[in-house]
Amino acid sequence: MAGKQILLSRVVQRPSDWGFWLVALLCLLPLVNSPMALMFGLVLATVGWVPQGVSVSALAKKLLGWSIIGLGFGIQLEQALQISWDSLGLILTTIFGTLAVGLLLARLLKVERTTGHLIASGTAICGGSAIAAVAPAINADDSKTSVALATVFVLNAIALFIFPVIGHYLELSQHQFGLWAAIAIHDTSSVVGAAGAYGDEALAVATTVKLARALWIIPVAMLSALWFQRKGATTKVPTFILLYVAAMIFAWAVPMAEPFYQLIFQGSKRLMVLCLFLIGAGITLKKLQQAGRQPLLLGISLWLLVSTTSLAYLWF
């Protein structure tokens, strides 16, 4: 009983904290979509309603992993393998093309080398996860890592709102939009949020391709360590990616539980909306100011390049 009281006192320290957790619970309901959840989080962070006794970013990261694992139960293994194979050329071209262009743009814009590489890596693969994996491989300090993360988070928030609008305006198919979202949006959470708002097929395609891209964290981190001449650097595939694959294989091997898998899949989609709320609550004015003009310009330039070229490839 005492332990529960201590936990409650950490989670709820001010009257406004009750409002924060109430909005969080509302995000689990169908009436709140992904852009709304992100906006709610941004607003509460701006007015200072984010609880101080709990790490919202750590909670978002943990719930994000579980939601992605749950999505694995609703994606057909054969379809995932086919999509990954068909998209392999596009995945490799956009990853290494983005890294190369990012290197050149960082020099032109006079962005510090380490910061520029982190932003390029986040744009090329999977946003914050890639930055977190590459940072220790190149011995990036906290300030440079924070600048790169802040830059990516800002662009993620914008993409979540505008990508579905552009997709509907251009009349992209579910498959086309799923591929575009997976290639052009940084973080997996925003990819899933945007694709989920577009349709279930788009969600399946986007999740599969995005996590296939995420597997390239390891080779990119190793190449980054060599490029920055840091010996002995190690990295690993995020556990949630491995469990996501395991969930797909399990659902394929035990098909008789399909109704139960669909419940997990739908529940994971709602959990992802909650994750976007928590991520939004972590984007503060201080982080936006910390990003600075030059790194933000680099991030925007790379993002526009990847977005427009991949869209042109898929649309025409």
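Buried means under 20% relative accessible area, exposed over 50%, and partly exposed in between, taken with a 1.4 Å probe on protein chains only. Asn139 sits in the loop between helix H8 (128-137) and helix H9 (142-169). Helices here are DSSP runs of H or I with at least four residues, strands are E runs of at least two, and the numbering goes from the N terminus.

A word on what we are looking at. This is a predicted model, where local features need pLDDT of at least 70, side-chain atom pairs count only at pLDDT 80 or more, and totals for chains, interfaces and linings use all residues. Residues are numbered from 1 along each chain as its sequence is written, and side-chain values use heavy atoms, with hydrogens and water left out.

Now the confidence. pLDDT is the predictor's confidence in each residue, from 0 to 100. The chain averages 85, and 90% of the residues score at least 70. Contact means heavy atoms within 4.5 Å.

Most residues other than glycine have a negative phi. Asn139 has a positive one, near 60°. Glu171 also has a positive phi near 60° and is not a glycine. Where is Glu171 found? In the loop between H9 and H10, and it counts as exposed at 71% relative accessibility.

Next, helix H11 (residues 188-198), which is mostly covered, with nine of its 11 residues buried. Val191, Val192 and Tyr198 are among the buried ones. Just after H11 comes Gly199, with a positive phi of about 155°.

Two helix pairs are worth a look. Axes are lines fitted to C-alpha atoms, for helices over the stretch in contact, and angles run from 0 to 180 degrees between N-to-C directions. Under 35 degrees counts as roughly parallel, over 145 as roughly antiparallel, 65 to 115 as roughly perpendicular, and the rest as oblique.

The axes of helix H7 (residues 113-124) and H8 come within 8 Å and cross at roughly 140°, so H7 is oblique to H8. On the H7 side, the contact is made by His117, Leu118, Ser121 and Gly122; on the H8 side, by Ala130, Ile131, Val134 and Ala135. Those residues divide into five nonpolar, three polar and no charged. For the classes, Ala, Val, Leu, Ile, Met, Phe, Trp, Tyr, Cys and Pro count as nonpolar, Asp, Glu, Lys and Arg as charged, and the others, Gly among them, as polar.

Which residues does Ser224 touch, not counting those up to four places away in sequence? His117, Val134 and Ile138. Ser224 itself is in helix H13 (residues 217-227) and counts as buried at 3% relative accessibility.

The second pair is helix H5 (residues 77-86) and helix H14 (residues 239-253), packed at an angle of about 135° with axes 9 Å apart. That makes H5 oblique to H14. Leu77, Glu78 and Ala80 of H5 meet Met248, Ile249 and Trp252 of H14. This contact has five nonpolar residues, no polar and one charged.
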